[in-house]
Amino acid sequence: MPKKDPETEPENEEAFSPSDEPPAEIPGRLPLLPIRDVVVFPYMILPLFVGREMSIRAIDGALSENRMVLLAAQKDLSVENPEPKDIYPVGTVGMIMRMLKLPDGRIKILVQGLAKARITEFVQTDPYYQVAVEKIVESKIPEMTLQVEALIRNVKEQLEKVASLGKVILPDIMVVVENIEDPGRLADLVASNMGLKVEGAQEVLEILDPAARLGKVNEVLSKEIEVLAMQQKIQADARGEIDKTQREYFLREQLKAIQKELGETDERSEEINDLRQKIEAAKMPEKVQKEAEKQIGRLSKMHPDSAESGIIRTYVEWLVEMPWSKSTKDNLDLKQAKKVLDEDHYDLEKVKERILEYLGVRKLKEKMKGPILCFVGPPGVGKTSLGKSIARALGREFVRVSFGGMRDEAEIRGHRRTYVGAMPGRIVQGIKTAGTNNPVFMMDEVDKIGMDFRGDPAAALLEVLDPEQNNQFSDHYLGVPFDLSNVMFITTANLLDPVPSPLRDRMEVIHLSGYTEEEKLGIARNYLVPRQLSEHGVTDKHVTFADPAVLVLIGQYTREAGVRNLEREIANICRKVARKVAEGKTEPHEITPANIHRYLGPPKFLKEDEREAHEVGVVTGLAWTETGGDTLTVEVTTMRGKGGLTLTGHLGDVMKESAQAALSYVRSRAARLGIKEEIFEKTDLHIHVPAGAIPKDGPSAGITMATGIASVFTGRPVSRNIAMTGEVTLRGRVLPIGGLKEKSLAARRAGFKTVLIPRRNEKDLEDIPKNVKKDLHFVLVDAGKTASHAKPARESDGRGAKRPRVEKRPPPSRRRTERTAVVPG
């Protein structure tokens, strides 16, 4: 394998006498020696290692004749046995000056290039290549032009610059270059010492015009100078940075030594020692403490101004500030806890009972997992404030995080520390803010969590809200487990529908329905009015609210399930009174139904006009909305036509299907109801639900529409004192509905006396307040029969008319509650 020989010549090599001059002319046939990694130029002397059997025989053939051989480069260095097509056609005739046989069977030769030659034919291919060659005679430059002379000088100067930039060129070569004036020989000499690749060197070798060849070498030198200059600049920059770092290191070490002699310590050491002390004081778990000490060790070895140093410092500070072992002691006095809950909230007995049950168990069993509660209800019913009261009753810290609109999973689990600006998730941030490992942690608006390409935060909450997993909760930023099993998690939502079922399964759902007027009155009297008086700087000497005035506020100025707008209107009155007091008008103000419009203007909501008589085709239904319950009037009329059905009032698909089912049921019972069958084919039916700008949907208006259709075809009026709700089927069955409490409150507000509900909803009557059940007469409808649940009202309820049949069905969950938006807009 031909190769440059970097070693010195051994003493036992065979040398040929200098007297053996090479022949004056080059023979027409010569042995061919393919070489891999070098191109030989004329007048170039270099050693070669020969290892291939074919090449060794070519050397033997040359030595047996005139010691000449054609040195030609291979096109592909990886080819072990080159074919004629793998060898460049232009090479250099070389003279073998010395030869040495090596112990491993290879031969080392020293050759001198004589002249360029071109392969014209491969005469012999075995046992070695023998080729017919044609000597290449270069043209002579007749006279030295200014351009050629300038080119020669430029090449010499650039070669000196290359040597000055660090390129290794022997001094003897530089001396020879200075004394050469022939452009061709100068180009060959420079090219042979530049360490060019085979392709580049072969390109220079094949250029026959001396001036052109020297120009090509000049281009090569220019590029080499640029590369060497950039390399030198990179090395200088690196060396300068290293020198600066070493200088700062030595100065810092000297400063340490001086401070040590003076009995002082540097800020860096104080910071490291302070962090170590905080790690000890934090009483971390063993695994966490090992990680913290590992990071402290890394931090102590880093330059204080490096970017990673700041990242590690921040991470260790998060570790030491987490409340690994800090917890508050629960207040296990059940009477005191009940007193606190009653002070803060009116009614809500179910929630208060659940908290007191937890305290009772906690008192008997010291180590227990915190409950995970989910408060579901309309806005303004006190879900968030209830969480604060629970924390106060338990004597724990309170943390609130709103999840509304959250779309990034990293908001829950945190960002990995590999990212710039990484931070822990909202869970860990909240625990750190609380300062204890057992706070009351409220997650608001979990039904409004979003999802996009960054992940699903609701899925990340599955681990947080699972008592079997959250004792080893791992935040991506901390990278170590934290025990959340002592935390009391409380979530809030307006609706359960958007909450994924796996997440809903992990929580104990407690429904907070809307308040009755009496409950709102009590809340206003005991909580809202005193709070607003205090916040506006007035007292009960300046303004008083009569109970009838508060009821007017509730009924005519607000329409909501909660008390948020009620408090807003009370604040509006207090502001007007505060202004008059500030102006010096200190006379007391008594708010009554007669003068309330002076403060708030005309009423915003008026009750619907009561129907003066029982009407045909007009029925009142009940609907559930996010803000509570409301009444829903359904009007049905007929006209001459071809049996068409028209539905108006911005109805949804479910409600339209209920109308179709109701009409089909009435037609199937036409004979029993006394309706002639042919009337359906000659009559068009129009069902309209007023307040057409408000979208309405849901199945619970089914019996309402069926009753209206039956009424208009039979001519029998429907009692104006009856409201009804229930889903109807083609067989006349009435299926159970949800939101019965809200619908009952709406019926009571509207002044109805009788409410028809499915029998399967009888169990839900337990949730109806006693004062509401006292004022309403509930009629339970079952398949083919009805039953009264309360004392009949004094007025007739119109039950003489036949009603749709009913079918039993498992009661739906709150998730299936219809959403009929009927709030006046």
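Biologist: Is the crossing of α2 with α4 left-handed or right-handed?

Modeller: α2 passes α4 in a left-handed crossing, meaning that the near helix is turned anticlockwise from the far one by less than a right angle, while clockwise would be right-handed. Keep in mind that this is a predicted model: local features need pLDDT of at least 70, side-chain atom pairs count only at pLDDT 80 or more, and totals for chains, interfaces and linings use all residues. Residues are numbered from 1 along each chain as its sequence is written, and side-chain values use heavy atoms, with hydrogens and water left out.

Biologist: At what angle do the axes of α2 and α4 cross?

Modeller: Helix α2 (residues 146-164) and helix α4 (residues 183-192) cross at roughly 20°, their axes coming within 11 Å. Axes are lines fitted to C-alpha atoms over the stretch in contact, with angles from 0 to 180 degrees between N-to-C directions. The two helices are therefore roughly parallel; the cut-offs are under 35 degrees for roughly parallel, over 145 for roughly antiparallel, 65 to 115 for roughly perpendicular, and oblique for the rest.

Biologist: Which residues make the contact of α2 with α4?

Modeller: From α2 come Val148, Ile152, Val155, Lys156 and Leu159, and from α4 come Pro183, Leu186 and Val190 (contact: heavy atoms within 4.5 Å). By class there are 7 nonpolar, no polar and 1 charged residues. Here Ala, Val, Leu, Ile, Met, Phe, Trp, Tyr, Cys and Pro count as nonpolar, Asp, Glu, Lys and Arg as charged, and the others, Gly among them, as polar.

Biologist: How do α10 and α11 pack?

Modeller: Helix α10 (residues 334-344) packs on helix α11 (residues 349-364) at about 160°, with the axes 10 Å apart. That angle makes the pair roughly antiparallel, and their crossing is right-handed. In α10, Leu334, Ala337, Lys338, Leu341 and Asp342 meet Lys352, Ile355, Leu356, Leu359, Gly360 and Lys363 of α11. Those residues divide into 6 nonpolar, 1 polar and 4 charged.

Biologist: And what about α17 with α19?

Modeller: The axes of helix α17 (residues 517-535) and helix α19 (residues 564-582) come within 10 Å and cross at roughly 45°, and these helices are therefore oblique to each other. Their crossing is right-handed. Among the residues meeting there are Leu528 and Gln532 of α17 and Ile570 and Cys574 of α19. The contact has 8 nonpolar, 1 polar and 3 charged residues.

Biologist: Which residues of α1 are buried?

Modeller: In helix α1 (residues 53-63), Ser55, Ile56, Ala58, Ile59, Gly61 and Ala62 are buried (buried: under 20% relative accessible area, exposed: over 50%, partly exposed: in between, with a 1.4 Å probe and protein chains only). Their cover includes β2 (29-35), β3 (45-50) and β4 (68-73). Over the 825 residues of the protein chain, 48% are buried.

Definitions and conventions:
Helix = DSSP H or I, 4+ residues; strand = E, 2+ residues; numbered from the N terminus.
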